[in-house]
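Please walk through this model with the coordinates open. The paragraphs below take up a loop residue, the arrangement of the chains, their interface and the salt bridges.

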Number of protein chains: 2
Amino acid sequence: MEIEVLEGIFDANEIIAKENRALLDRSGTFMVNLMSSPGAGKTSFILKTLEGVEGEFSCAVIEGDIAGKVDSERIAEIGVQAIQINTGGSCHLEARQVNTALGRLDLGGVDLVVVENVGNLVCPAEFRLGEDLKVMILSVAEGHDKPLKYPLMFSESHVMIVNKTDLIPHTDFDLELLKETVRKMNPSVEIFEVSCRTGEGISAWCGWLKDRVRGTRAETKN
Amino acid sequence: MEIEVLEGIFDANEIIAKENRALLDRSGTFMVNLMSSPGAGKTSFILKTLEGVEGEFSCAVIEGDIAGKVDSERIAEIGVQAIQINTGGSCHLEARQVNTALGRLDLGGVDLVVVENVGNLVCPAEFRLGEDLKVMILSVAEGHDKPLKYPLMFSESHVMIVNKTDLIPHTDFDLELLKETVRKMNPSVEIFEVSCRTGEGISAWCGWLKDRVRGTRAETKN
């Protein structure tokens, strides 16, 4: 008999992340794990993304917050199913919480699930949820020096969204320096520059995402 | 014989926080624990504060970062002693790390220690360091809706600094709504509105802080 030794919370999380992955693969559902500091614009970005893929895909959102349900209410207002997870103090989502939320969705009818993680540029990067894509947002107002101070998030993410580009003229933000720093840490990262306020850059991101989601559906059909 | 049961990391932290408090009391040193999301402007705010109290007080800074030393270099550039703590992945400072840093300072000659916590609006609020004041910064760019989503930080802080007020005209930020929400959660909170970029509001904050630091010195002499 084999005995598996769990080395603490990371191993336990990894096992459930794989279960989530298997669940999503069976239904051909694409899952995005969206992470950022508080106030970088995750919910606004999700709303813009849902709008951008509307008509082609059926979507659902899993909202991770320490407390409250303001974000899931914003999502529900536009008629998209939103499941709220309150972590009750914990600063990141774990795979088991997402597993519970996935169990409440009729995954066969869902093409794209966006998980809004707790606002935190540190710990969420350590916990795999079974996602297809780790997407992080950096707001222009946070400054271009963040990658060196929060390296795991910038090196683990498949996509970096630079949000609030409409604020660039009012700050000392150096976009080229940011991109250079992040590409040194994470050469394969995809970078999109957007302003959820003006809508600039959203269609390029949505176009790219649609190709990925379509790919997942095609694989499941074959 | 009494046996003390430590209920995990919080109790252990509390014991060392009390040691730090005793150390600071002996030397009449005032300590500020400065917390915020990444990029809310902690280091710029410290630089402005040091400038504002220069001449009257002898200061030192303890810099908490996951990795790197860019912030302590910025502090050292203006001739103030800065001690860097790298948490190596951990998303908050604990009292034991601050205890080590305090041991490296000649506290008898230091009136004011500012601790820059790791950029995180969640976990730092749970770990007392032995500080006189918990000060949090919210940047205008983060939005006025943050108190309900990160309640512990807003209810635990003695002071809330609203930074980047120069960005208010370019955002949908509702300052009055923010203040109303925070005062409901935390009626005794002191609120200062500043722009580290333009310098607006800094002198009011520094004047208030100076009164507190002077009070601590006066108590030690009596």
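A residue is called buried when its relative accessible area is under 20%, exposed when it is over 50%, and partly exposed in between, using a 1.4 Å probe and protein chains only. A:Val189 is buried by this rule, because its relative accessible area is 7%. The model is predicted: local features need pLDDT of at least 70, side-chain atom pairs count only at pLDDT 80 or more, and totals for chains, interfaces and linings use all residues. Residues are numbered from 1 along each chain as its sequence is written, chains are lettered from A and ligands numbered from 1 in the order in which they are written, and side-chain values use heavy atoms, with hydrogens and water left out.

A:Val189 sits in the loop between α7 (175-185) and β7 (190-193) of chain A. Helices (H or I, at least four residues) and strands (E, at least two) are DSSP runs, numbered from the N terminus. What does A:Val189 touch, not counting residues up to four places away in sequence? Its partners are A:Ser157, A:His158, A:Val159, A:Met160, A:Val182 and A:Arg183, where contact means heavy atoms within 4.5 Å. The C-alpha atom of A:Val189 is also 8.2 Å from that of A:Ser155, a residue 34 places away along the chain.

Another loop residue, A:Lys164, lies between β6 (159-163) and α7 of chain A. Its phi is positive, about 65°, although the residue is not a glycine. A:Lys164 counts as buried because its relative accessibility is 15%. In chain B, B:Lys164 also has a positive phi of about 65° without being a glycine. B:Lys164 is placed in the loop between β6 (159-163) and α7 (175-185) of chain B, and at 15% relative accessibility B:Lys164 counts as buried.

How are the two chains arranged? Chain B is superposed on chain A by a rotation of 180° with 0.0 Å of shift along its axis, at an RMSD of 0.0 Å. The two copies are therefore related as by a two-fold rotation axis.

The contact between the chains takes 32 residues from chain A and 32 residues from chain B. Together the chains bury about 2,500 Å², of which 56% is on carbon and sulfur atoms; buried area is the accessible area (1.4 Å probe) that two parts lose on being put together, summed over both. On the side of chain B, the residues that lose the most area to chain A are B:Pro38, B:Lys149 and B:His170, together 23% of what that side buries.

Four salt bridges cross the interface of chain B and chain A, a salt bridge being a side-chain nitrogen of Lys or Arg within 4 Å of a carboxyl oxygen of Asp or Glu. A salt bridge joins the side chains of A:Asp71 and B:Lys149, with N to O at 2.7 Å. In chain A, A:Lys149 lies in helix α5 (residues 146-149), and at 6% relative accessibility A:Lys149 counts as buried. Beyond its neighbours within four places in sequence, A:Lys149 is in contact with B:Thr43, B:Asp65, B:Ile66, B:Ala67, B:Val70 and B:Asp71.

Over all chains the count comes to 28 salt bridges. One of these pairs B:Arg128 with B:Glu14 at 2.9 Å, N to O. B:Arg128 lies in the loop between β4 (112-116) and β5 (133-139) of chain B and B:Glu14 in helix α1 (residues 8-27) of chain B, so the pair ties together parts that are 114 residues apart in sequence. B:Arg128 is partly exposed at 26% relative accessibility, and B:Glu14 is partly exposed at 28%.

B:Arg214 and B:Asp211 form a salt bridge whose closest N and O atoms are 2.8 Å apart. These two residues are separated by about one helical turn because they are three residues apart in helix α8 (residues 202-221) of chain B. In chain A, a network of salt bridges links A:Arg21, A:Asp25 and A:Asp132.

Notes:
Least-squares fit on C-alpha atoms with pLDDT ≥ 70 in both.
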